Amino acid sequence: MATSRALTYLESRKNLTGCACGLVGLVLTFTGVAGPYWPVVVAGLYGAGALIAPPERPALPDFPDPSAQLDEVRGDFGTLRGYLAGIDLPPAAAGKLTELTDLLAALLEPGWVSEILAQDPEGVHALSRAVRQDIPEAVDAFVRTRWWHRMTPGQEPPERHLERQLDLLRQEAEKLAAELRETESRRQESHTRYLEDRSD
């Protein structure tokens with residue numbers, strides 16, 4: 001461990017700056033400026049250089065890029081679909097859930113859509129939140145509340161809340177799809193303008 005620290009210091013900015021300043025001290029010695037005190041001058045210049053050198057900058061953390069995150073979300077979406085297949089939902093809620101999962105599946109499908117999505121970290125985050133948190137939470141809350149509703153009938157049915165939640169999540173997914181479509185439209189318009197300008 002001490003050896004690795006020594007090697008790290010040898011490659012550090014402080015050591016390299018100190019060595020450069022120490023070389024200046026040697027030049028002063030050979031030109032006769034430092035005189036008999038040349039070891040003190042060389043060591044002093046090395047120390048001064050090591051002190052004024054900027055500190056080492058720690059390496060940035062190696063986070064996965066959005067396309068790798070999208071691959072993880074795609075895998076989690078498969079897990080979510082397996083979970084949802086075992087849940088018995090009322091027909092209206094089941095239909096809304098199918099619409100939502102079909103839209104998410106289209107957005108997560110490998111290809112040019114996911115390539116565009118991978119360039120939008122906010123979009124990847126929104127999909128991740130929907131798959132990993134919002135949909136499981138909505139369905140699980142419905143399952144739990146439905147049991148209590150059977151014990152105390154007469155209150156608002158829990159499927160209404162689930163349907164509303166699924167509507168809101170579908171609207172979020174549709175908004176994301178519209179933003180991706182708008183990005184592609186702007187790209188197409190930009191290419192048209194480029195071609196028009198080139199032909200002038």
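This is a predicted model: local features need pLDDT of at least 70, side-chain atom pairs count only at pLDDT 80 or more; totals for chains, interfaces and linings use all residues.
Visitor: How are α5 and α8 directed relative to each other?
Guide: Their axes (lines fitted to C-alpha atoms over the stretch in contact, with angles from 0 to 180 degrees between N-to-C directions) come within 9 Å and cross at roughly 25°. Angles under 35 degrees count as roughly parallel and those over 145 as roughly antiparallel. The two helices, α5 and α8, are therefore roughly parallel.

Visitor: How many charged residues has the contact of α5 with α8?
Guide: Contact means heavy atoms within 4.5 Å. Among the residues that meet are K96 and E99 in α5 and E163, D167, R170 and E174 in α8. Asp, Glu, Lys and Arg count as charged, Ala, Val, Leu, Ile, Met, Phe, Trp, Tyr, Cys and Pro as nonpolar, and the others, Gly among them, as polar. By class, the contact has 14 nonpolar residues, no polar ones, and a charged count of 6.

Visitor: How is α4 directed relative to α5?
Guide: Helix α4 (residues 66-85) packs against α5 with the axes 11 Å apart, at an angle of about 155°. That angle makes α4, relative to α5, roughly antiparallel.

Visitor: How many nonpolar residues has the contact of α4 with α5?
Guide: In this contact, L70, V73 and F77 are among the residues of α4, and L97, L104 and A105 among those of α5. Beside 1 polar and 3 charged residues, the nonpolar count is 8.

Visitor: How is α2 directed relative to α3?
Guide: The axes of α2 (residues 13-30) and α3 (residues 38-52) come within 7 Å and cross at roughly 150°. That makes α2, relative to α3, roughly antiparallel.

Visitor: Which helix gives the most to the lining of the largest pocket?
Guide: A pocket is an open set of points on a 1 Å grid over the protein atoms alone, where a 1.4 Å probe fits, with protein on both sides within 12 Å along at least five of seven lines; lining residues have an atom within 4 Å of a point. The lining here has 16 residues, with A126, R129, E172, A173 and L176 nearest the centre. Two or more residues each come from α5 (91-108), α7 (121-151) and α8 (158-199). With 7 residues, the helix that gives the most is α7.

Key: Residues are numbered from 1 along each chain as its sequence is written. Side-chain values use heavy atoms; hydrogens and water are left out. Helices (H or I, at least four residues) and strands (E, at least two) are DSSP runs, numbered from the N terminus. Angles under 35 degrees count as roughly parallel, over 145 as roughly antiparallel, 65 to 115 as roughly perpendicular and the rest as oblique.
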